Amino acid sequence: MLIKEFKADALQVKVYDTRQSLGEAAAAEAAEYLMELLDEKEEVCAVFAAAPSQNEFLASLAASPGIDWGRVHALHMDEYVGLSEAAPQSFGNFLRRAIFDLVPFGKVDYIGPVDDPEAAMARYDRILSENPVDVVFMGIGENGHIAFNDPHVADFHDPLRIKRVDLDQVCRMQQVHDGCFPTLEEVPEYALTLTVPALAEAGRLFCMVPASTKADAVKATVLGPVSERVPATVMRLHPAATLYVDADSGKYIL
């Protein structure tokens, strides 16, 4: 159930009672948008985030009727460097389990394998340049990051579409909090990520952020200054972005 709705600059903010209702509502709106796009275009390019925070949204989206998935080209927004291609924590593998193998996408392009990061970045940059992104399905990190644009590497005017970054400790600890890795030492220190402009240039942004661990990041995103110190605040400058939170992540903005 929707319990509050308002705008923070250009950003539409919707607060739901539970993370399940958040995921279902966001998926319903995302499915409607995808179908509208597919009425206008032969192919839609969509970027997906890989994180447990997206579970309810992805499950609901995969179950949505009426989407011609065969005309959707799927990408993802980040991938670890130095992780085995078969590792379950790989973001490509996460998305395979969560949605890529559940519906018949016309095309899926993975960032990995990243045993050669320079080659992987060159390949993905070429894909992004040839396939302008229509829609991004994303989240926010505990440190306010989007994709792996942590505050110390985020650049709202980044000239690159994808880059190699080092991950800050808050970001790496989030992977432990999320149950993806048992200890901090096992979390990779580097990743490839789509940059802030590569995400923000999409025509539409859907951002799903449940759970109390994200409450401070949601507060900073919605109520703090627009700044690279909180990369997610770039959404407040976007003409068509919606932030979906639940009563736990939105407790400081209710």
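Please keep in mind that the model is predicted.

I'll start with helix α1, which runs over residues 19-40. Four acidic residues, E32, E36, D39 and E40, form a negative surface patch. D39 is found in helix α1, and D39 counts as exposed because its relative accessibility is 70%, where the cut-off for exposed is over 50%. E36 is in helix α1 too. E36 has a relative accessible area of 40%, so E36 is classed as partly exposed. One distance for E36: along the sequence, 203 residues separate E36 from P239, and in space the two C-alpha atoms are 18 Å apart.

Next, the salt bridges. Side chains of opposite charge can pair when their charged atoms come close. How many salt bridges does the structure hold? The count is 8. I'll go through three of these.

One of them joins the side chains of E29 and K14, at 2.7 Å from N to O. This pair links distant parts of the chain, since E29 belongs to helix α1 and K14 to strand β2, residues 11-16, and the two are 15 residues apart. Is each partner buried or exposed, or something between? E29 is partly exposed, at 23% relative accessible area. K14, at 12%, is buried.

Another salt bridge is made by the side chains of D109 and R123, with 3.2 Å from N to O. D109 sits in the loop between β6 and α4, while R123 sits in helix α4, so this pair ties together parts that are 14 residues apart in sequence. D109 is buried, with 9% relative accessible area. R123 is partly exposed, with 30%.

The last one I'll mention is between K163 and D158, whose closest N and O atoms are 2.6 Å apart. Why do we call K163 buried? Its relative accessibility is 12%, and buried means under 20%. D158 has a relative accessibility of 10%, so D158 counts as buried as well.

Now a further acidic residue, D134. Where is D134 placed? D134 is in the loop between α4, residues 117-130, and β7, residues 135-138. D134 counts as buried because its relative accessibility is 12%. And what touches D134, once neighbours within four places in sequence are left aside? Its contacts are Y33, L37, K41, E43, V44, C45, A202, G203 and R204.

Finally, helix α3, residues 91-100. Most of this helix is covered, with 8 of its 10 residues buried. Which residues of α3 are buried? They are F91, G92, N93, F94, L95, A98, I99 and F100.

To go back over the main points: E32, E36, D39 and E40 make up a negative surface patch. K163 and D158 form a salt bridge, and D134 is a buried residue in a loop. Helix α3 is mostly covered. That's what I have for today.

How values were computed
Residues numbered from 1 in each chain as written. Predicted model: local features only at pLDDT ≥ 70, side-chain atom pairs only at ≥ 80, totals over all residues. Heavy atoms only, no water. Patch = residues over 30% accessible without salt bridge, like charges linked within 9 Å, V, L, I, M, F, W, Y side chains within 5 Å. Areas by Shrake-Rupley, 256 points an atom, 1.4 Å probe, with all protein chains shown as cover. Lys, Arg positive; Asp, Glu negative; His and termini not counted. Charge placed at Lys NZ, Arg CZ, Asp CG, Glu CD. Helix = DSSP H or I, 4+ residues; strand = E, 2+ residues; numbered from the N terminus. Buried < 20%, exposed > 50% of the residue type's maximum accessible area, 1.4 Å probe, protein only. Contact = heavy atoms within 4.5 Å.
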